[in-house]
Amino acid sequence: MINTADINIDTNFAQSNYLGGRDGVSTSSFLSMQDRIRVTAEDMIQLILSGKIGFLSIIEEYSIFKEISSLAGKYPSGKYKDIILLGIGGSALGARAIKNAFEYTGKKGINMHVLDNIDPAVFYGTLNKVNLKKTLFIVISKSGATVETMAQLFIVMDKFKKAAGAKFLTAHFICITTDGRGPLFNIARKYHLPMLFIPENVGGRYSVLSPVGLLPAALMGINISDMIDGAKRIKTAFIKAKGLNIGELAGIYYLMHKQLNKNIMVFMPYTSRLTDFGEWVAQLWAESLGKRYARDGKEVFSGATPVIAVGARDQHSQLQLYKEGPPDKFITFIEIEKSNIKEQKIIPVSPVDIEFRHLFSKTLGMLINAEMNATRTSLVKSLRPSIKISIQELSAKTLGELFVFFEILIVFIGLLYQINPFDQPGVEEGKQILKQIL
(Lines give C-alpha, C1' and ligand atoms only; values in the text may rest on other atoms or scores of the structure.)
Protein backbone atom coordinates (compact mmCIF):
# COMPACT_ATOMS: atom_id res chain seq x y z
CA MET A 1 0.00 0.00 0.00
CA ILE A 2 1.34 3.43 -1.02
CA ASN A 3 -0.16 6.55 0.59
CA THR A 4 0.15 10.02 -0.93
CA ALA A 5 -1.89 12.75 0.81
CA ASP A 6 -5.54 11.66 0.34
CA ILE A 7 -4.70 9.10 -2.36
CA ASN A 8 -4.16 5.45 -1.45
CA ILE A 9 -2.68 2.92 -3.87
CA ASP A 10 -3.11 -0.82 -3.41
CA THR A 11 -0.40 -2.59 -5.44
CA ASN A 12 -0.93 -6.11 -4.08
CA PHE A 13 -2.45 -7.50 -7.27
CA ALA A 14 0.50 -6.21 -9.29
CA GLN A 15 2.89 -8.47 -7.37
CA SER A 16 3.92 -11.86 -8.71
CA ASN A 17 3.20 -13.68 -5.43
CA TYR A 18 -0.50 -12.79 -5.89
CA LEU A 19 -0.42 -14.04 -9.48
CA GLY A 20 0.92 -17.56 -9.03
CA GLY A 21 4.48 -16.40 -9.62
CA ARG A 22 3.78 -16.35 -13.36
CA ASP A 23 3.07 -12.67 -13.88
CA GLY A 24 3.34 -9.43 -11.97
CA VAL A 25 6.35 -7.66 -10.52
CA SER A 26 8.64 -9.93 -8.54
CA THR A 27 10.35 -8.80 -5.34
CA SER A 28 13.76 -9.24 -6.93
CA SER A 29 12.95 -7.17 -10.02
CA PHE A 30 11.44 -4.42 -7.90
CA LEU A 31 14.47 -4.34 -5.60
CA SER A 32 16.73 -4.12 -8.64
CA MET A 33 14.94 -0.87 -9.58
CA GLN A 34 15.40 0.84 -6.21
CA ASP A 35 18.65 2.65 -6.95
CA ARG A 36 17.31 3.89 -10.27
CA ILE A 37 14.08 5.07 -8.65
CA ARG A 38 15.99 6.83 -5.89
CA VAL A 39 18.32 8.67 -8.30
CA THR A 40 15.40 9.66 -10.53
CA ALA A 41 13.47 10.91 -7.48
CA GLU A 42 16.44 13.02 -6.38
CA ASP A 43 16.75 14.51 -9.86
CA MET A 44 13.06 15.28 -10.03
CA ILE A 45 12.97 16.95 -6.63
CA GLN A 46 15.88 19.14 -7.66
CA LEU A 47 13.94 20.16 -10.76
CA ILE A 48 10.92 20.98 -8.59
CA LEU A 49 12.87 22.98 -6.02
CA SER A 50 14.62 24.96 -8.75
CA GLY A 51 11.26 25.83 -10.36
CA LYS A 52 11.97 23.94 -13.59
CA ILE A 53 8.73 21.92 -13.63
CA GLY A 54 6.21 24.50 -14.71
CA PHE A 55 2.99 22.76 -13.70
CA LEU A 56 4.29 22.49 -10.12
CA SER A 57 5.59 26.05 -10.02
CA ILE A 58 2.36 27.66 -11.18
CA ILE A 59 0.32 26.30 -8.26
CA GLU A 60 2.40 28.51 -5.96
CA GLU A 61 1.64 31.71 -7.88
CA TYR A 62 -1.21 33.27 -5.92
CA SER A 63 -1.49 36.29 -8.21
CA ILE A 64 -2.58 34.09 -11.11
CA PHE A 65 -5.46 32.55 -9.15
CA LYS A 66 -6.51 35.94 -7.84
CA GLU A 67 -6.66 37.22 -11.42
CA ILE A 68 -8.70 34.18 -12.51
CA SER A 69 -11.19 34.61 -9.67
CA SER A 70 -11.50 38.34 -10.32
CA LEU A 71 -12.19 37.81 -14.02
CA ALA A 72 -14.69 35.00 -13.37
CA GLY A 73 -16.60 37.29 -11.02
CA LYS A 74 -17.35 39.65 -13.91
CA TYR A 75 -19.46 37.04 -15.72
CA PRO A 76 -22.49 36.21 -13.53
CA SER A 77 -24.78 33.32 -14.46
CA GLY A 78 -27.74 35.69 -14.49
CA LYS A 79 -26.26 37.48 -17.50
CA TYR A 80 -24.89 34.44 -19.31
CA LYS A 81 -26.82 31.20 -19.71
CA ASP A 82 -24.15 29.26 -21.57
CA ILE A 83 -20.38 29.05 -21.86
CA ILE A 84 -18.83 27.62 -25.01
CA LEU A 85 -15.18 26.64 -24.73
CA LEU A 86 -13.24 26.48 -27.99
CA GLY A 87 -10.06 24.42 -27.68
CA ILE A 88 -8.61 21.02 -28.42
CA GLY A 89 -6.34 18.52 -26.66
CA GLY A 90 -4.77 19.96 -23.54
CA SER A 91 -6.72 23.18 -24.05
CA ALA A 92 -10.02 21.34 -23.48
CA LEU A 93 -9.56 17.97 -21.77
CA GLY A 94 -8.90 19.46 -18.33
CA ALA A 95 -12.04 21.60 -18.45
CA ARG A 96 -14.00 18.58 -19.69
CA ALA A 97 -12.71 16.50 -16.79
CA ILE A 98 -13.65 19.18 -14.25
CA LYS A 99 -17.11 19.64 -15.76
CA ASN A 100 -17.75 15.89 -15.85
CA ALA A 101 -16.63 15.47 -12.22
CA PHE A 102 -19.15 17.94 -10.81
CA GLU A 103 -21.94 18.49 -13.33
CA TYR A 104 -24.26 16.06 -11.49
CA THR A 105 -23.39 17.09 -7.94
CA GLY A 106 -22.44 20.79 -8.11
CA LYS A 107 -24.51 23.94 -7.99
CA LYS A 108 -26.78 24.80 -10.87
CA GLY A 109 -25.19 27.60 -12.83
CA ILE A 110 -23.96 28.41 -16.31
CA ASN A 111 -24.16 25.55 -18.83
CA MET A 112 -20.70 24.61 -20.09
CA HIS A 113 -20.20 23.26 -23.62
CA VAL A 114 -16.71 22.10 -24.62
CA LEU A 115 -16.30 22.09 -28.41
CA ASP A 116 -13.02 20.21 -28.70
CA ASN A 117 -13.60 18.84 -32.17
CA ILE A 118 -14.53 20.34 -35.52
CA ASP A 119 -17.31 17.93 -36.39
CA PRO A 120 -19.65 20.38 -38.16
CA ALA A 121 -22.84 18.67 -36.93
CA VAL A 122 -21.82 19.04 -33.28
CA PHE A 123 -20.31 22.48 -33.73
CA TYR A 124 -23.21 24.12 -35.55
CA GLY A 125 -25.75 22.10 -33.58
CA THR A 126 -24.40 23.57 -30.34
CA LEU A 127 -24.33 27.11 -31.70
CA ASN A 128 -27.93 26.77 -32.86
CA LYS A 129 -29.08 25.65 -29.40
CA VAL A 130 -27.80 28.70 -27.53
CA ASN A 131 -28.65 32.37 -27.52
CA LEU A 132 -25.42 33.98 -28.69
CA LYS A 133 -26.32 37.21 -26.88
CA LYS A 134 -26.36 35.30 -23.58
CA THR A 135 -23.31 33.13 -24.28
CA LEU A 136 -19.73 33.56 -23.09
CA PHE A 137 -16.98 32.15 -25.31
CA ILE A 138 -13.63 31.01 -23.92
CA VAL A 139 -11.01 30.53 -26.63
CA ILE A 140 -7.90 28.59 -25.65
CA SER A 141 -4.72 27.96 -27.63
CA LYS A 142 -1.23 28.20 -26.14
CA SER A 143 0.41 28.82 -29.52
CA GLY A 144 -2.50 30.97 -30.62
CA ALA A 145 -2.32 29.20 -33.98
CA THR A 146 -4.16 25.91 -33.40
CA VAL A 147 -5.92 25.52 -36.74
CA GLU A 148 -9.05 23.80 -35.42
CA THR A 149 -9.60 26.36 -32.66
CA MET A 150 -8.92 29.33 -34.89
CA ALA A 151 -11.33 28.00 -37.54
CA GLN A 152 -14.01 27.74 -34.86
CA LEU A 153 -13.22 31.23 -33.60
CA PHE A 154 -13.53 32.83 -37.04
CA ILE A 155 -16.95 31.24 -37.55
CA VAL A 156 -18.21 32.13 -34.07
CA MET A 157 -17.02 35.73 -34.22
CA ASP A 158 -18.70 36.19 -37.59
CA LYS A 159 -22.01 34.78 -36.31
CA PHE A 160 -21.80 36.83 -33.12
CA LYS A 161 -21.12 40.09 -34.98
CA LYS A 162 -24.18 39.50 -37.14
CA ALA A 163 -26.35 38.60 -34.12
CA ALA A 164 -25.22 41.19 -31.59
CA GLY A 165 -22.72 43.58 -33.17
CA ALA A 166 -18.93 43.82 -33.02
CA LYS A 167 -18.99 46.31 -30.15
CA PHE A 168 -20.20 43.56 -27.80
CA LEU A 169 -17.35 41.13 -28.56
CA THR A 170 -15.38 42.29 -25.54
CA ALA A 171 -18.21 41.29 -23.17
CA HIS A 172 -18.63 37.81 -24.65
CA PHE A 173 -15.14 36.54 -25.51
CA ILE A 174 -12.17 35.63 -23.29
CA CYS A 175 -8.88 34.42 -24.78
CA ILE A 176 -6.32 32.23 -23.03
CA THR A 177 -2.99 32.04 -24.83
CA THR A 178 0.69 32.95 -24.58
CA ASP A 179 1.49 36.50 -23.54
CA GLY A 180 2.79 38.75 -26.31
CA ARG A 181 2.73 36.48 -29.34
CA GLY A 182 0.61 34.41 -31.67
CA PRO A 183 -2.46 35.06 -33.83
CA LEU A 184 -4.94 34.59 -30.95
CA PHE A 185 -3.09 37.19 -28.87
CA ASN A 186 -3.16 39.59 -31.81
CA ILE A 187 -6.89 39.07 -32.41
CA ALA A 188 -7.67 39.58 -28.72
CA ARG A 189 -5.66 42.78 -28.67
CA LYS A 190 -7.32 44.05 -31.85
CA TYR A 191 -10.83 43.60 -30.43
CA HIS A 192 -9.90 44.51 -26.83
CA LEU A 193 -10.87 41.05 -25.55
CA PRO A 194 -9.95 40.04 -21.97
CA MET A 195 -6.95 37.71 -21.85
CA LEU A 196 -5.34 35.29 -19.42
CA PHE A 197 -1.94 33.78 -20.11
CA ILE A 198 -0.40 30.31 -20.06
CA PRO A 199 3.19 30.38 -18.74
CA GLU A 200 5.81 29.40 -21.30
CA ASN A 201 7.06 26.55 -19.12
CA VAL A 202 3.63 24.90 -18.75
CA GLY A 203 2.88 22.56 -21.64
CA GLY A 204 -0.66 22.27 -22.95
CA ARG A 205 -1.35 18.80 -21.56
CA TYR A 206 0.02 19.88 -18.15
CA SER A 207 -1.98 23.12 -18.06
CA VAL A 208 -5.16 22.05 -16.27
CA LEU A 209 -4.24 23.95 -13.09
CA SER A 210 -3.46 27.12 -15.01
CA PRO A 211 -6.09 29.52 -16.44
CA VAL A 212 -6.81 26.80 -19.04
CA GLY A 213 -8.72 24.67 -16.54
CA LEU A 214 -9.25 27.01 -13.62
CA LEU A 215 -11.16 29.79 -15.39
CA PRO A 216 -13.81 27.35 -16.70
CA ALA A 217 -13.91 25.76 -13.23
CA ALA A 218 -14.44 29.11 -11.52
CA LEU A 219 -17.19 30.04 -13.98
CA MET A 220 -18.90 26.73 -13.19
CA GLY A 221 -18.90 27.65 -9.50
CA ILE A 222 -16.16 25.23 -8.46
CA ASN A 223 -13.85 26.27 -5.63
CA ILE A 224 -10.50 26.64 -7.39
CA SER A 225 -8.73 27.41 -4.11
CA ASP A 226 -9.61 23.91 -2.94
CA MET A 227 -8.28 22.45 -6.19
CA ILE A 228 -4.97 24.27 -5.73
CA ASP A 229 -4.77 23.21 -2.08
CA GLY A 230 -5.18 19.59 -3.18
CA ALA A 231 -2.47 20.00 -5.80
CA LYS A 232 -0.09 21.48 -3.24
CA ARG A 233 -0.75 18.55 -0.88
CA ILE A 234 0.52 16.10 -3.50
CA LYS A 235 3.57 18.22 -4.29
CA THR A 236 4.41 18.52 -0.57
CA ALA A 237 3.88 14.81 0.04
CA PHE A 238 6.14 13.94 -2.89
CA ILE A 239 8.96 16.14 -1.61
CA LYS A 240 8.50 14.96 1.98
CA ALA A 241 8.71 11.31 0.87
CA LYS A 242 11.85 12.16 -1.16
CA GLY A 243 9.93 11.17 -4.27
CA LEU A 244 9.74 7.51 -3.31
CA ASN A 245 5.95 7.34 -2.83
CA ILE A 246 5.01 8.10 -6.44
CA GLY A 247 8.43 6.94 -7.63
CA GLU A 248 7.87 3.37 -6.47
CA LEU A 249 4.54 3.29 -8.30
CA ALA A 250 6.27 4.63 -11.42
CA GLY A 251 8.72 1.75 -11.07
CA ILE A 252 5.84 -0.74 -11.14
CA TYR A 253 4.43 0.76 -14.33
CA TYR A 254 7.91 0.74 -15.86
CA LEU A 255 8.49 -2.93 -15.04
CA MET A 256 5.02 -3.89 -16.23
CA HIS A 257 5.80 -2.43 -19.62
CA LYS A 258 9.51 -3.01 -20.13
CA GLN A 259 9.93 -6.35 -18.37
CA LEU A 260 6.49 -7.97 -18.50
CA ASN A 261 5.42 -6.66 -21.92
CA LYS A 262 2.22 -5.04 -20.74
CA ASN A 263 1.83 -2.84 -23.80
CA ILE A 264 -1.70 -1.69 -22.96
CA MET A 265 -2.45 0.37 -19.85
CA VAL A 266 -6.15 0.30 -18.98
CA PHE A 267 -7.40 3.10 -16.73
CA MET A 268 -10.76 2.12 -15.27
CA PRO A 269 -12.47 4.53 -12.86
CA TYR A 270 -15.54 3.07 -11.16
CA THR A 271 -17.59 6.21 -11.62
CA SER A 272 -18.98 7.93 -14.69
CA ARG A 273 -17.87 11.23 -13.12
CA LEU A 274 -14.23 10.40 -13.95
CA THR A 275 -14.84 9.32 -17.56
CA ASP A 276 -13.39 12.54 -18.96
CA PHE A 277 -10.63 12.48 -16.34
CA GLY A 278 -9.65 9.15 -17.91
CA GLU A 279 -9.49 10.87 -21.30
CA TRP A 280 -7.27 13.55 -19.76
CA VAL A 281 -4.96 10.83 -18.37
CA ALA A 282 -4.85 9.14 -21.78
CA GLN A 283 -3.60 12.30 -23.50
CA LEU A 284 -1.07 13.01 -20.77
CA TRP A 285 0.20 9.43 -20.96
CA ALA A 286 0.30 9.14 -24.75
CA GLU A 287 1.91 12.47 -25.60
CA SER A 288 4.37 12.38 -22.69
CA LEU A 289 5.59 8.78 -23.00
CA GLY A 290 5.16 7.86 -26.66
CA LYS A 291 8.55 8.88 -28.02
CA ARG A 292 10.77 7.60 -30.81
CA TYR A 293 14.00 8.95 -29.33
CA ALA A 294 15.58 8.92 -25.89
CA ARG A 295 17.24 12.02 -24.52
CA ASP A 296 20.59 10.78 -25.81
CA GLY A 297 19.24 10.55 -29.37
CA LYS A 298 18.92 6.76 -29.54
CA GLU A 299 15.80 5.23 -31.06
CA VAL A 300 13.68 3.66 -28.31
CA PHE A 301 10.02 3.81 -29.46
CA SER A 302 8.88 4.07 -25.87
CA GLY A 303 5.41 4.09 -24.41
CA ALA A 304 2.51 1.74 -23.75
CA THR A 305 -0.95 2.44 -25.16
CA PRO A 306 -3.54 3.94 -22.77
CA VAL A 307 -7.11 2.62 -22.93
CA ILE A 308 -10.07 4.04 -21.01
CA ALA A 309 -12.76 1.86 -19.48
CA VAL A 310 -15.48 2.84 -16.99
CA GLY A 311 -16.90 0.62 -14.27
CA ALA A 312 -19.34 -0.89 -13.88
CA ARG A 313 -20.41 -0.25 -17.48
CA ASP A 314 -17.44 -1.85 -19.19
CA GLN A 315 -17.64 -5.03 -17.17
CA HIS A 316 -20.32 -5.77 -19.74
CA SER A 317 -18.22 -4.87 -22.77
CA GLN A 318 -14.43 -5.06 -22.24
CA LEU A 319 -13.89 -7.34 -19.25
CA GLN A 320 -14.09 -10.56 -21.28
CA LEU A 321 -11.04 -9.42 -23.26
CA TYR A 322 -9.14 -8.43 -20.13
CA LYS A 323 -9.76 -11.80 -18.46
CA GLU A 324 -9.26 -14.20 -21.36
CA GLY A 325 -7.62 -12.24 -24.16
CA PRO A 326 -3.89 -11.60 -24.67
CA PRO A 327 -2.04 -11.05 -21.35
CA ASP A 328 -0.66 -7.70 -22.51
CA LYS A 329 -2.66 -5.39 -20.22
CA PHE A 330 -2.12 -3.73 -16.85
CA ILE A 331 -5.27 -2.31 -15.29
CA THR A 332 -5.49 0.73 -13.01
CA PHE A 333 -8.74 0.88 -11.08
CA ILE A 334 -9.79 4.24 -9.62
CA GLU A 335 -12.22 4.14 -6.72
CA ILE A 336 -14.27 6.76 -4.89
CA GLU A 337 -14.79 5.14 -1.50
CA LYS A 338 -17.77 7.20 -0.41
CA SER A 339 -20.44 8.76 -2.56
CA ASN A 340 -21.42 12.29 -1.51
CA ILE A 341 -24.86 12.02 -3.09
CA LYS A 342 -27.30 13.05 -0.35
CA GLU A 343 -30.31 11.60 -2.16
CA GLN A 344 -28.83 8.10 -2.21
CA LYS A 345 -31.27 5.54 -0.83
CA ILE A 346 -31.27 1.86 0.02
CA ILE A 347 -32.19 -0.20 -3.05
CA PRO A 348 -35.91 -1.01 -2.49
CA VAL A 349 -35.77 -4.79 -2.80
CA SER A 350 -38.57 -6.76 -1.19
CA PRO A 351 -37.67 -9.72 1.07
CA VAL A 352 -39.70 -11.92 -1.26
CA ASP A 353 -37.30 -11.17 -4.14
CA ILE A 354 -35.00 -14.01 -3.09
CA GLU A 355 -33.04 -13.87 -6.34
CA PHE A 356 -31.80 -10.39 -5.38
CA ARG A 357 -31.34 -10.86 -1.65
CA HIS A 358 -27.70 -9.80 -2.01
CA LEU A 359 -29.03 -6.26 -2.69
CA PHE A 360 -30.83 -6.01 0.67
CA SER A 361 -29.71 -2.91 2.65
CA LYS A 362 -27.35 -1.83 -0.15
CA THR A 363 -27.04 1.50 -1.98
CA LEU A 364 -25.87 2.04 -5.55
CA GLY A 365 -22.60 3.42 -4.17
CA MET A 366 -22.04 0.22 -2.19
CA LEU A 367 -22.95 -1.84 -5.24
CA ILE A 368 -20.53 -0.14 -7.63
CA ASN A 369 -17.60 -0.46 -5.21
CA ALA A 370 -18.46 -4.11 -4.60
CA GLU A 371 -18.48 -4.66 -8.36
CA MET A 372 -15.02 -3.12 -8.65
CA ASN A 373 -13.61 -5.41 -5.96
CA ALA A 374 -15.29 -8.41 -7.57
CA THR A 375 -13.75 -7.48 -10.93
CA ARG A 376 -10.28 -7.12 -9.40
CA THR A 377 -10.57 -10.50 -7.69
CA SER A 378 -11.85 -12.10 -10.88
CA LEU A 379 -8.90 -10.72 -12.82
CA VAL A 380 -6.32 -11.88 -10.31
CA LYS A 381 -7.81 -15.37 -10.50
CA SER A 382 -7.03 -15.20 -14.21
CA LEU A 383 -3.48 -14.06 -13.36
CA ARG A 384 -4.10 -10.56 -14.75
CA PRO A 385 -2.32 -7.78 -12.79
CA SER A 386 -3.92 -4.57 -11.57
CA ILE A 387 -3.60 -1.80 -9.01
CA LYS A 388 -6.26 0.26 -7.24
CA ILE A 389 -6.07 4.01 -6.66
CA SER A 390 -8.58 5.23 -4.06
CA ILE A 391 -9.83 8.59 -2.83
CA GLN A 392 -12.40 8.92 -0.06
CA GLU A 393 -14.70 11.24 -2.00
CA LEU A 394 -14.65 13.29 -5.18
CA SER A 395 -14.27 16.97 -4.33
CA ALA A 396 -12.47 19.99 -5.74
CA LYS A 397 -9.55 19.21 -3.42
CA THR A 398 -9.24 15.53 -4.31
CA LEU A 399 -9.61 16.24 -8.04
CA GLY A 400 -6.73 18.71 -7.73
CA GLU A 401 -4.78 15.95 -6.01
CA LEU A 402 -5.52 13.47 -8.79
CA PHE A 403 -4.42 15.92 -11.48
CA VAL A 404 -1.01 16.55 -9.92
CA PHE A 405 -0.60 12.93 -8.82
CA PHE A 406 -0.87 11.70 -12.41
CA GLU A 407 1.25 14.54 -13.79
CA ILE A 408 4.10 13.70 -11.40
CA LEU A 409 3.66 9.96 -11.99
CA ILE A 410 3.85 10.24 -15.77
CA VAL A 411 6.84 12.59 -15.73
CA PHE A 412 8.60 10.15 -13.38
CA ILE A 413 7.88 7.23 -15.72
CA GLY A 414 9.22 9.30 -18.62
CA LEU A 415 12.46 9.93 -16.74
CA LEU A 416 12.76 6.18 -16.07
CA TYR A 417 12.33 5.65 -19.83
CA GLN A 418 15.07 8.27 -20.31
CA ILE A 419 12.89 10.24 -22.74
CA ASN A 420 11.67 13.83 -22.65
CA PRO A 421 8.15 13.74 -21.15
CA PHE A 422 7.48 17.39 -21.99
CA ASP A 423 7.83 17.60 -25.79
CA GLN A 424 5.59 16.26 -28.58
CA PRO A 425 7.51 16.21 -31.87
CA GLY A 426 5.13 13.74 -33.50
CA VAL A 427 2.17 16.05 -33.00
CA GLU A 428 4.04 19.06 -34.34
CA GLU A 429 5.01 17.23 -37.52
CA GLY A 430 1.37 16.36 -38.16
CA LYS A 431 0.42 20.03 -37.87
CA GLN A 432 2.94 20.98 -40.55
CA ILE A 433 1.67 18.26 -42.90
CA LEU A 434 -1.90 19.52 -42.38
CA LYS A 435 -0.87 23.01 -43.51
CA GLN A 436 0.69 21.54 -46.67
CA ILE A 437 -2.47 19.53 -47.45
CA LEU A 438 -4.73 22.54 -46.97
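Colleague: In this predicted model, does phenylalanine 333 count as buried or exposed, and why?

Modeller: Burial is read from relative accessible area, and anything under 20% counts as buried. Phenylalanine 333 has 0% relative accessibility and therefore counts as buried. Tyrosine 270, with a relative accessible area of 1%, is buried as well.

Colleague: Which kind of aromatic pair do tyrosine 270 and phenylalanine 333 form?

Modeller: Ring pairs are sorted by the angle between their planes, where under 30 degrees counts as stacked, over 60 as edge-to-face and the rest as tilted. Tyrosine 270 and phenylalanine 333 are 6.0 Å apart centre to centre with 45° between the planes, and the pair is tilted. This pair links distant parts of the chain, since tyrosine 270 sits in the loop between β8 (264-269) and α12 (275-289), while phenylalanine 333 belongs to strand β10 (residues 329-336), 63 residues apart.

Colleague: How many aromatic pairs does the structure hold, and what are the rings of phenylalanine 238 and phenylalanine 412 doing?

Modeller: The structure holds 20 aromatic pairs. In the pair of phenylalanine 238 and phenylalanine 412, the ring centres lie 6.4 Å apart and the planes meet at 85°, so this pair is edge-to-face. Phenylalanine 238 is in helix α10 (residues 224-240) and phenylalanine 412 in helix α15 (residues 396-417), so that distant parts of the chain, 174 residues apart, are linked. Both phenylalanine 238 and phenylalanine 412 are buried. Ring pairs also join several residues into a cluster, among them Tyr253, Phe277, Trp280, Phe403 and Phe406.

Colleague: Which residues have the most contacts inside the largest nonpolar core?

Modeller: A core of this kind is a set of buried nonpolar residues joined through side-chain atoms. The largest one has 105 residues, and Phe277 and Phe406 have the most contacts inside it. Helix α15 supplies the largest share of this core, 16 residues. Leaving out residues up to four places away in sequence, phenylalanine 277 touches Ala97, Ile334, Leu399, Leu402, Phe403 and Phe406. Another core, of 23 residues, lies apart from the largest one and includes Phe123, Leu127, Met150 and Ile187.

Colleague: Which residues make the nonpolar surface patch?

Modeller: Patch members need over 30% relative accessible area. Val147, Leu434 and Leu438 make a nonpolar patch of about 280 Å². Valine 147, in helix α7 (residues 147-164), has 38% relative accessibility and therefore counts as partly exposed.

Colleague: What is asparagine 369 in contact with, beyond its neighbours within four places in sequence?

Modeller: Asparagine 369, found in helix α14 (residues 364-381), is in contact with Glu335, Ile336 and Glu337. Asparagine 369 is buried, at a relative accessible area of 11%.

Methods:
Residues numbered from 1 in each chain as written. Predicted model: local features only at pLDDT ≥ 70, side-chain atom pairs only at ≥ 80, totals over all residues. Heavy atoms only, no water. Patch = residues over 30% accessible without salt bridge, like charges linked within 9 Å, V, L, I, M, F, W, Y side chains within 5 Å. Areas by Shrake-Rupley, 256 points an atom, 1.4 Å probe, with all protein chains shown as cover. Salt bridge = Lys/Arg side-chain N within 4 Å of Asp/Glu carboxyl O. Helix = DSSP H or I, 4+ residues; strand = E, 2+ residues; numbered from the N terminus. Buried < 20%, exposed > 50% of the residue type's maximum accessible area, 1.4 Å probe, protein only. Contact = heavy atoms within 4.5 Å. Phe/Tyr/Trp six-rings, centres within 6.5 Å; stacked < 30°, edge-to-face > 60°. Core = buried A, V, L, I, M, F, W, Y, C linked by side-chain atoms within 4.5 Å.
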